[in-house]
Amino acid sequence: MRWSLNHLGRACAALLLLVAPPSSALHESDVGVVDWHKLLVGVPLVGAPVTAPAFHTLDRDARTDRTDAVANAGSESVIFTATGNNVLAALNSEDGAVVWRHIYEADDRIAGYYTHSNVLATLSGPGGANFRLFNASNGAIHLEKRLHAPETGHLAEPHHLGTYVAFGGSGDEEIYVLSDGHVVRRLDRNTGEAQWTWTAEDQTSMTVHTHLLYTPSALFLVGLSKSIASFTLHVTALDPRTGAVLRAQGVPSSVKHLDAYLLLSSQNKSKEKAPHLAWLENGVLKSFKLTPKLDAKPSAVTFKPKTKSTLAYERLIDVGLARSGHALAFAGDGSATLLALGDGKVEGVGAFSPTVNPNSKMDGEDGKEKREDDDENTDSIWVGGSGRKDGEVVLGRVYWSHAVNKAKMETLTLTPTGGASPSLQTAVLEVDFDTRSHGIIAHAALSSTQPGSSPSLLLTTSTGAIQLWDLSPTAKEKWTREEALASVVLAEFVELPEGRLDAAGATGRRDGEGFFGRLWRHAGDAQNFPEYLVGFIRRFLTGSYASPTSAPVPVSLSSDSSFQGSFTRDAFGFRQVIVAATVQGKVYGLDSSSGRVVWSRVLGLGWAAETGAKVLPVKMFVLGAEDVTGEDEKLEGRSPEIVLVAQRRSENTLVDTVIFHINAITGADASRVIPNDPELELGEDVSGLLQGIDIIAGPAVEAFLLSPPPASLADSTQDWAKAVLLLDQYLQVYIYPSTPRTRATLRALQPSLHFPLRTNTPNGTRVVGHALGPHPGGNEDDEDEEGMPAFVAHATWTLGLPPDEDVKAMLPSIRGPVASLGKVLGNRTTLYKYLNPRLFVLLTAPRPAAAVEGGDKGQTCGLYVVDAAKGSVVYRTGLPVVVGKGKEAGKDACDVKASLVENWLVYHYYDPEWTGTGLTKGWRVVSVELYEGTGLDEKTMSSDMSSFSDGSVNVVAFEQSYVFPHAITAMSPTSTKFGMTSKDLIVASRNHQIQSIQRRLLNPRRPNRKVTSEEQEEFLVPYDPVLGYDPRRVLSHNYEVANIQRIITSPALLESTSLVFAYGLDMFLTRVAPSNTFDVLSENFNKAQLVLTVGALALAIMFTKPMVRRKKLKEKWYQ
């Protein structure tokens, strides 16, 4: 048998792997060099004031309790917010750093947060089932109390409806909690025990209580009562000390919706400043004075001269000043009236037109301000805060001006004068908000102005970014947090090309450059040769070469994180681009060596921009630099690209499938350079958004990457090309990009394409195998009017599942290079791997009714390994169902995680029962290895065998189960360039850690006894049922990497090293070497000594060589 150099090299590398010791733990000096971590909180929930971002000033007496993040910045202002990732977070207002955060469980949804002095209270779960009290400065939990069982709570929408927290007394020792819309408790500050409890008699059957307001004389409970045409307001006054009802009555009113009323109170608790209930009724503003006897009568809001709108009022909003006794009411034309809590009444004290003229005064000659064209500006977002003086109010109006193509912030400072109206000072600032990168402004908050400080504006954008702007004297951006990265749904590694990139991302030869032009360019580049030579000599003498733990070379980025300068592959391939797509419709390009954002693009809505829509990423495919080269010579040397398949869901219920074609290096639109398809010349619109290509008028059933066959099996005469195949709801085939090469590739591969699809049937969800055939209206050689092959998918097989099982997920096998076809045992026999490339993993779950009613009657969660070509089941197992209680029944009945690579299957599940002596319930990890035939030395060539052969299901499985101490949220094996390095399993656990499990620990052939000498040759170790916690295998070391949803790996140029990227709430990337870095010298290798030794030997040879020559010459004379 002839051996090539390639075979010899692989054999030597395999020998090194066998003798290499297990990989060691991460050194402390490598932290932050070989890995990086992004601590995120998620996109803020801006739909309600109790969850939206807001400033909070800590009490001066709490300075000693502040964390270093606040104390070092010298700031007492903290930003609190609840996010869509179910996180309560506190951000430093100086630099945007996370001061602290608390992550809630998925079934414990945050209803709202409430601040008071130096504490913060939250209610979460259905009906506010859980109460927590935090230290506002460091996030320490002072108190945690379950108010009622979550399954008995009322499911309200909005979620905060029927929940509220009020504080009373001189400090925070009196806590009053409204939960479930009808229960009020006074909780003990230290123990959490209820000092008294009041429950409404109707228990929300007629009245849902929504607000609490504390005064020393009474605790007011406000709610909505059902009526025929609308809602009526209902007020109950309780004794704060005993909970006794002082008075309860309905307020004559007619309220249309929840946002049509609010409570106005004042820090001055005098009788003249009694709190009021204000509401909007049929365009008229009304108020009701809150007293313990509730003996006041509703009255219309009074207005100072020239403050009342001539039109009916339509909205009443709290701009963050309700606790200071102020609110804004808006009329139909957009004009606003400022309401203030006066002497025993609510009155209008100021009026503002839809567009404020900074040169006008609130009380002009005609009583109105100059208005601009409404078409020039977007709808305004109003914010408010307290001023520097006592009683001073600062209002802010944020909008986008189409005239100057910038955001504007108009501030109006109202200072009490004791006269008819407060004095008004106005100012207009231009905010250099980048709408191309951050979309539109979704929410704003204004900080209170303290003496000696300037106000700050906090913006939350439609793409999930949080920005803070300093407003004095001009608007300057202080910091930005890209919180959309906490909601990434798709991510892929993209290898960087070699060489230097120009501004367009192209490499290699310049367009139109001839031989002499290239020669002249090379001569110009030679001017850097002396510098390179000096550097080479210095590295050679000092041994300071690049190593796997070297810090990455910084990439030149502009202020807007766009691509500039060179962005090329490093020596070991550690620098790659991570392209991540989010549910907010934004795509990011991240530098894998540092985690910095290289580029970002907002996905355009196309025609749906006028009606409103959301773009939801579905699939992402990577086309390498060699895959995107087209027929045109001008396309040579293109950068790798990303094809993003997304669904555009319009508010008019229409769903379209859209493709976004992106240059992975620069983020530029790549659809312009597709040849022979003029309809794809879309590019970017005038707003800078990345517009997609409408490819299917409707949802796509599935999308696949059409890849050429391996070089050993491919027809050398065929011009192969990669493409994306999409199937519409009628199973018609669409191809992108549609070029002669891609269409020819599809026609050549069509007979061998087989794929499974999920199909809804009367008996549940089933898996049906499909193949491609010619469209009924033509044959496989025809092309439709758009130049696409007229193919349609048709069913070929159906997988027979038990009638009580539904399909939960289909997981494709992980593709990669295979270095060996078998495993040589200690007795010199061989087990040949079952390497069927058409395998996929099918996860099933009991049908909802069966999971709830019959969870203890034999129902199981199914795991199948299926051949996609003909539906043969290669491996099957039944896993126990975890049945919940009450409303949670069947929610996560089958929480199974699985991964299949080569012939290795690993899955993770929870076992609620035990079946033998010494066993216990808990989390299990099962490792399965599939081998050809029925025994040793039986080879069936499964990797090349047809799926329709009888031997395709001739498989033997070795499996073993292990107990794992934590639940796993994501798992993935490592991957290397040639597949020779041993594969470790990377897992993310619910204790917020990323851990590596060695393959040899998961070997299902580990003997349940002392190993023999032959087994020692295979490096087998005795079976241990528990995979213990080893801190040396924790890749995230001291980082808290929370709520990881997926882990992806990518090979580096070093065969020994794999890149691992985990994303969910947080992001984490590191490098692992499962078999140690056998292909590079270690950093402690004495390179200087080697150089000196080689140099000394060379000098010795130089001196001894003439001596040896003379000696030999003399010997010849005397012979």
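This is a predicted model: local features need pLDDT of at least 70, side-chain atom pairs count only at pLDDT 80 or more; totals for chains, interfaces and linings use all residues.
Let's start with the strand itself. β63 covers residues 1058–1064, and seven of its seven residues are buried. In general, side chains in a regular strand alternate between the two faces of the sheet. In β63, S1058, V1060, A1062 and G1064 point one way, while L1059, F1061 and Y1063 point the other way. Both sets are buried.

| Partner of β63 | Residues | Sense | Bridges | Residues in the hairpin link |
|---|---|---|---|---|
| β62 | 1044–1051 | antiparallel | seven bridges | six residues |
| β64 | 1067–1072 | antiparallel | six bridges | two residues |

To pick out a couple of pairs, S1050 has L1059 of β63 as its bridge partner, and A1062 sits opposite F1068 in β64.

Now for the packing. Which residues touch the most other members of the largest nonpolar core? They are L458, A491, I578, F1061 and M1067, in a core of 39 residues. β63 and β64 each supply at least two residues of this core, and so do β4 (87–92), β5 (98–103), β33 (465–470), β35 (488–495), β36 (576–582) and β37 (586–591). Another core, of 33 residues, lies apart from that one, and V255, L262, A278 and V301 are among its members.

M1067 is worth a look of its own. Setting aside neighbours within four places in sequence, M1067 is in contact with W36, H37, K38, L485, V488, L590, F1061 and A1062. Two of the names in that list, F1061 and A1062, also turned up above among the residues of β63.

Notes: Residues are numbered from 1 along each chain as its sequence is written. Side-chain values use heavy atoms; hydrogens and water are left out. Buried means under 20% relative accessible area, exposed over 50%, partly exposed in between (1.4 Å probe, protein chains only). Helices (H or I, at least four residues) and strands (E, at least two) are DSSP runs, numbered from the N terminus. Two strands pair if DSSP finds at least two bridges between them. A nonpolar core is a set of buried Ala, Val, Leu, Ile, Met, Phe, Trp, Tyr and Cys residues joined through side-chain atoms within 4.5 Å. Contact means heavy atoms within 4.5 Å.
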